[in-house]
Amino acid sequence: MSHPPIDQAPAWQALAGHAETVRGRHLRELFADQRRGLDFSRRAAGLTLDLSKQRWCHETLGLLLDLAREARMPEAIEALLSGQHVNISEDRPALHTALRLPEEASLVVDGNDVVPGVHESLAKMGTMVERLHASQWRGATGRPIHDVVNLGVGGSDLGPLMVTHALADYRPDDVPHIDVHFASTMDGSQLVDYLSRFNPETTLFVISSKSFTTIDTLSNARTAQDWLMTRLVKEGNARVDESMVMRQHFIGVSAKPDKMTKWGIAESSQLEFWEWVGGRYSLWGAIGLPIALVIGMKNFRDLLAGAHAMDRHFAAAPLADNLPVLLALAGIWNANFLGIRAHSILPYDGRLEYFAAYLEQLEMESNGKSATHEGHEVNYSTCPVLWGQLGPNAQHAFYQLLHQGTQPVVCDFIAPLRRYDEVKDDATRAHLKAQHRLTLANCFAQSRLLMLGDDAIDEPGERPGHKRYRGNQPSTTLLLDRLTPATLGALIALYEHKVYVQATIWGINPFDQWGVELGKQIAGETGDMLANHAGHERMDASTRALIEAVWQAEAA
Ligand code: F6P
């Protein structure tokens with residue numbers, strides 16, 4: 001796939017010229033068109049996407065769609081979904097969408113139908129989940145497992161962490177309670193807190209690592225292993241031996257079964273996935289084990305079905321009605337033509353607490369690139385800086401900057417339309433529903449205020465400078481009919497595909513992460529210096545002093 005640089009494309013040039021005329025227009029002027037709200041909204045898979053508060057007009061969208069066509073978007077979508085080697089630097093497909101294909105589907109990639117393997121892996125995962133839920137999978141002393149700790153980082157942590165929080169309401173009523181926890185940080189702080197509170201007899205660790213070489217995860221796993229062996233074998237029951245602990249207290253999830261075996265994970269306790277699943281795109285399969293443990297396999301399959309519904313929409317909808325394409329084009333317009341390089345993710349639902357953190361990895365690790373497929377440095381911006389927090393909390397934290405700071409920022413407001421229908425007690429339900437309405441009111445008010453500035457308020461007279469709101473901050477509003485496994489699946493898939501569409505336009509590979517590798521290598525060398533008390537003389541003055549400070553602290 002060799003393309004001329006996209007900024008040479010006629011549509012890019014046309015957009016650059018068009019931006020000159022639109023840049024000076026305030027959103028309040030654009031909203032003189034009363035049809036705008038409807039014209040720039042689309043629905044699919046239980047989601048409504050309102051892009052009317054973007055600083056664009058019909059002509060802009062037309063030109064952006066031309067740009068997508070010039071980037072051969074329909075062909076690129078087909079290439080992704082059919083398993084072509086779209087991950088060019090690693091010469092493999094990126095087939096997270098295959099993880100959510102129904103059992104009767106077939107997808108032949110490099111001569112093999114991948115779907116049967118996907119469903120075998122799901123079935124093996126389902127058996128583990130059932131055994132744990134039925135208290136048949138017991139610890140080495142025979143007691144049922146009560147706490148499961150996922151040891152993983154990046155894609156082997158953030159997806160399961162985000163989804164288990166978002167869907168905690170979907171915990172099946174008829175299974176004994178298993179608490180799922182996450183430890184990712186290499187410093188062991190999260191893990192040590194669990195070890196101080198949990199009973200080793202009833203604790204199981206899931207070592208989640210696609211590569212099974214990530215030092216962060218393997219360090220935590222070693223500490224956990226040592227804790228179990230000390231408490232259960234050395235100090236514990238004489239009938240418990242190390243192999244029982246390894247078999248009953250560890251599950252491994254990885255694309256490297258040989259490495260899991262070498263580490264000591266019993267084959268029956270291994271869940272395998274494939275190199276063609278990118279780490280940050282992997283929650284849909286074995287890496288999703290913690291999710292299935294919390295919500296059960298039926299709900300896990302609903303999550304997959306929701307994502308698959310978005311995949312089908314992505315494959316079939318015309319570009320002008322295609323949610324991921326439109327969301328991506330709004331981002332291109334902001335980053336490349338309006339110069340807006342900060343993007344805030346603001347869910348108005350406490351269950352989506354980790355959604356922004358999840359998207360930070362998905363978007364920035366995927367599209368934080370500056371070399372094209374051909375290895376040329378790009379002349380244009382790629383992924384903006386993306387961050388976020390629960391919207392209602394962020395209102396009391398960084399919204400001040402959104403309203404009156406000097407940075408242009410684009411925001412994604414995300415909220416469910418319905419909430420608390422299932423609460424049984426009438427009075428509590430009424431209170432909670434009022435809280436939900438309050439939350440939606442805040443969500444809608446904030447995006448309106450960001451758009452209109454001072455014009456949002458009906459107050460006559462001039463306002464002093466410190467009370468003035470400039471407005472004209474663009475935003476997207478995404479409404480979920482409800483937050484369910486299916487709509488959450490669709491929401492995540494929407495952003496995954498958005499990332500791919502943007503990468504296609506920018507001519508970059510969203511499926512590798514070479515930028516992370518050098519950091520890992522250098523950390524290893526620095527670790528050797530710290531441990532061996534040698535070699536630091538070669539370092540710069542700052543690093544040398546920092547290393548010496550550690551030695552002094554250790555000696556004190
Ligand atoms: O360091 C970045 C990264 O490679 C991510 O892409 C990945 O999700 C994470 O590390 C964890 O990798 P693994 O699952 O191989 O342990």
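Colleague: Leaving aside its neighbours within four places in sequence, which residues is Val-109 in contact with?

Modeller: Two residues are in contact if their C-beta atoms, placed from the backbone, lie within 7 Å. With neighbours within four places in sequence left aside, Val-109 is in contact with Gly-83, Pro-93, Leu-95 and Val-114. This is a predicted model, in which local features need pLDDT of at least 70 and side-chain atom pairs count only at pLDDT 80 or more, while totals for chains, interfaces and linings use all residues. Residues are numbered from 1 along each chain as its sequence is written.

Colleague: Where is Val-109 placed, and why is Val-109 partly exposed?

Modeller: Val-109 belongs to strand 3, residues 108-109. Helices (H or I, at least four residues) and strands (E, at least two) are DSSP runs, numbered from the N terminus. A residue is buried if 20 or more other C-beta atoms, placed from the backbone, lie within 10 Å of its own, exposed if 12 or fewer, and partly exposed in between. Val-109 is partly exposed because 18 other C-beta atoms lie within 10 Å.

Colleague: Why is helix 7 described as largely enclosed by the rest of the structure?

Modeller: Helix 7 (residues 158-166) is largely enclosed because eight of its nine residues are buried. The buried residues are Leu-158, Gly-159, Pro-160, Leu-161, Met-162, Val-163, Thr-164 and Ala-166. They pack against strand 5 (147-151), strand 6 (179-183), helix 12 (289-316), helix 14 (355-367) and helix 18 (485-506).

Colleague: How do the axes of helix 4 and helix 13 cross?

Modeller: Two packed helices are described by the angle between their axes and the distance between the axes. The axes of helix 4 (residues 58-70) and helix 13 (residues 323-337) come within 10 Å and cross at roughly 105°. These two helices are therefore roughly perpendicular to each other (angles of 65 to 115 degrees; under 35 is roughly parallel, over 145 roughly antiparallel, the rest oblique). Thr-60, Leu-64 and Ala-68 of helix 4 make the contact with Val-325, Leu-329, Ile-332 and Trp-333 of helix 13.

Terms used. Axes fitted to C-alpha atoms, helices over the stretch in contact; angles between N-to-C directions.
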